[in-house]
Amino acid sequence: EKLGVAAQVSFAPLLGAGVALDRALALIAATPGAKRRAQLGDELLAAVNRGESLSAACRAHPALPAHYAMVIGAGEARGDIAGALARLADVLERGRETSRALFGALIYPASVLVVACLSISFLFAFVVPQFASLLESFQKEPPLAMQVLLLFSAWFQQAALPLACVALILVAYVVYRRRDLAFRAGFDRWLLRLPLLGGMLGKSE
């Protein structure tokens, strides 16, 4: 998204100043110190030189979302690509502000959840077993609630490490597979169906 904002912000003034489309793309492709941005400009320039429209080139580019091509296509129909790019930059900037505000609002509850999980894990792994030893020294059967707690603590000590390994493997798998557009679309649809989190992600988008 940052790449998209930067490209649109610099691209729109060039076209608005009367610079030809291929020349503007060539200038972006020659931008020093911005490898990804320059690569994007070079690939779009190659598509335009093949006779494709800018919207078609954006639609075919895997790094650009579909709505880029839609907005640019509307600008081409009106004969005002520079205006379309400026509007697209405004939309992306508002999206970034919304995402930043949402992220800021989620930092506190997320940090509380992480601390709570770590604290509970510490209790089940180290503190509750000490109670088990203490109760054994009393030679008295503990209450039912304490028995359940001790059973869960014993299960946690055995299963925590394997579950953590499985979770890490799943995270690595999802990160690797998200390079595939079909998998990414399916995974994002699953995220949007999640209670609470899906609603917040949908509103952010």
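**View 1. Helices α6 and α7 cross with left-handed geometry.** In a left-handed crossing the near helix is turned anticlockwise from the far one by less than a right angle; clockwise would be right-handed. The model is predicted: local features need pLDDT of at least 70, side-chain atom pairs count only at pLDDT 80 or more, and totals for chains, interfaces and linings use all residues. Residues are numbered from 1 along each chain as its sequence is written, and side-chain values use heavy atoms, without hydrogens and water. The axes of α6 and helix α7 (residues 144-177) come within 9 Å and cross at roughly 125°. Axes are lines fitted to C-alpha atoms, for helices over the stretch in contact, and angles run from 0 to 180 degrees between N-to-C directions. That makes α6 oblique to α7. Under 35 degrees counts as roughly parallel, over 145 as roughly antiparallel, 65 to 115 as roughly perpendicular, and the rest as oblique. Helices are DSSP runs (H or I, at least four residues), numbered from the N terminus.

**View 2. Side chains from α6 meet residues of α7.** On α6, the contact residues include Phe124, Val128, Phe131 and Leu135. On α7, they include Met146, Leu150, Phe152 and Phe156. Contact means heavy atoms within 4.5 Å. The residues of this contact divide into 12 nonpolar, three polar and no charged. Here Ala, Val, Leu, Ile, Met, Phe, Trp, Tyr, Cys and Pro count as nonpolar, Asp, Glu, Lys and Arg as charged, and the others, Gly among them, as polar.

**View 3. Helices α2 and α3 pack at about 155°.** Helix α2 covers residues 21-29 and helix α3 residues 35-49, with their axes 7 Å apart. The two are therefore roughly antiparallel to each other. α2 passes α3 in a left-handed crossing. Among the contact residues are Leu21, Leu25 and Ile28 of α2, and Leu44, Leu45 and Val48 of α3. The contact holds nine nonpolar, two polar and three charged residues.

**View 4. The largest nonpolar core has 22 residues.** A nonpolar core is a set of buried Ala, Val, Leu, Ile, Met, Phe, Trp, Tyr and Cys residues joined through side-chain atoms within 4.5 Å. Phe11, Leu44 and Cys58 have the most contacts inside this core. Two or more residues come from each of α1 (2-16), α2, α3, α4, α5 and α6 (81-138). The largest share, five residues, comes from α3. A second, separate core of six residues includes Val128, Leu135, Leu150 and Phe156.

**View 5. Cys58 touches Leu44, Leu64, Ala69 and Ile72, leaving aside neighbours within four places in sequence.** Ala69 sits in helix α5 (residues 66-78). At 1% relative accessibility, Ala69 counts as buried. Buried means under 20% relative accessible area, exposed over 50%, and partly exposed in between (1.4 Å probe, protein chains only). With neighbours within four places again left out, Ala69 contacts Ser55, Cys58 and Arg59.

**View 6. His61 lies in the loop between α4 (54-60) and α5.** At 12% relative accessibility, His61 is buried. Not counting residues up to four places away in sequence, His61 touches Leu40, Glu43 and Leu44.

**View 7. Leu196 occupies the loop between α8 (181-193) and α9 (197-204).** Its phi is near 70°, a positive value in a residue other than glycine. Most residues other than glycine have a negative phi. With 70% relative accessibility, Leu196 counts as exposed.
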